[in-house]
Amino acid sequence: MSWIFLILAGFMEILGVIVLKAYALSHKKIHLLGIAVFFIISLSFLGIALRELPAGLAYAIWTGIGTAGGVLAGIIFYGESKNPLKLFFITLILVCSVGLKFVSY
């Protein structure tokens, strides 16, 4: 169950980044509420996952999901660069996160 909470924490992080970008573009104050809600939920789920998972592993995977998802969300929703090297390095982050899971137990 802790893995589910960790993945949900990562997805809440991605949603927080999407709303953060929306705020940066529009400066609408309602986005600040969304940012706070998504990041609070993300950290709460991460805290729940940490009850059973090693801290280093959980944090690395959480940041990996957030980083990769944030970059992909920027490409999909905001037309940011699709530089092949950028995509290669995002793939490396995901591969390394999965690799950490395999060597952590």
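Predicted model: local features only at pLDDT ≥ 70, side-chain atom pairs only at ≥ 80, totals over all residues.

Residues are numbered from 1 along each chain as its sequence is written, and side-chain values use heavy atoms, with hydrogens and water left out.

**The whole chain**

Show the chain as a cartoon. There are four helices and zero strands, and along the sequence the pattern reads α-α-α-α. Helices here are DSSP runs of H or I with at least four residues, strands are runs of E with at least two, and both are numbered from the N terminus. The C-alpha trace spans about 45 × 35 × 15 Å along its principal axes.

Switch to a surface. The chain exposes about 6,400 Å², and carbon and sulfur atoms supply 76% of that area; accessible areas come from the Shrake-Rupley method with a 1.4 Å probe, and for residues only the protein chains shown count as cover. Of the 105 residues, 33% count as buried (under 20% relative accessible area; exposed is over 50%, and partly exposed is in between).

**Helix α1**

Select residues 2-26. After α1 comes His-27, whose phi is positive, near 60 degrees.

Now colour the buried residues of α1, among them Phe-5, Leu-6, Ala-9, Met-12 and Ile-18. The buried residues of this helix pack against α2 (30-49) and α3 (55-78).

Pick Met-12, which lies in helix α1. Is Met-12 buried or exposed? Met-12 counts as buried because its relative accessible area is 15%. Leaving aside neighbours within four places in sequence, Met-12 is in contact (heavy atoms within 4.5 Å) with Phe-38, Ile-41, Ser-42 and Phe-45.

**The nonpolar core**

Select Leu-6 and Leu-46. They have the most contacts inside the largest nonpolar core, which has 14 residues. Such a core is a set of buried Ala, Val, Leu, Ile, Met, Phe, Trp, Tyr and Cys residues joined through side-chain atoms within 4.5 Å. The elements that give two or more residues to this core are α1, α2 and α3, and α3 gives the most, with six residues. Not counting residues up to four places away in sequence, Leu-6 touches Leu-46, Ala-49, Leu-53, Ala-58, Ile-61, Trp-62 and Ile-65.

**Rings**

Show the aromatic side chains. There are three aromatic pairs, where rings of Phe, Tyr and Trp (its six-membered ring) pair if their centres lie within 6.5 Å; planes under 30 degrees apart count as stacked, over 60 as edge-to-face and the rest as tilted. Tyr-59 and Trp-62 form a tilted pair, 5.6 Å centre to centre with 45 degrees between the planes. These two are three residues apart in helix α3, so about one helical turn separates Tyr-59 from Trp-62. Tyr-59 counts as partly exposed because its relative accessibility is 49%, whereas Trp-62, at 9%, counts as buried.

Move on to Phe-88 and Phe-89, an edge-to-face pair at 5.2 Å centre to centre and 65 degrees between the planes.

Definitions and conventions. Buried < 20%, exposed > 50% of the residue type's maximum accessible area, 1.4 Å probe, protein only.
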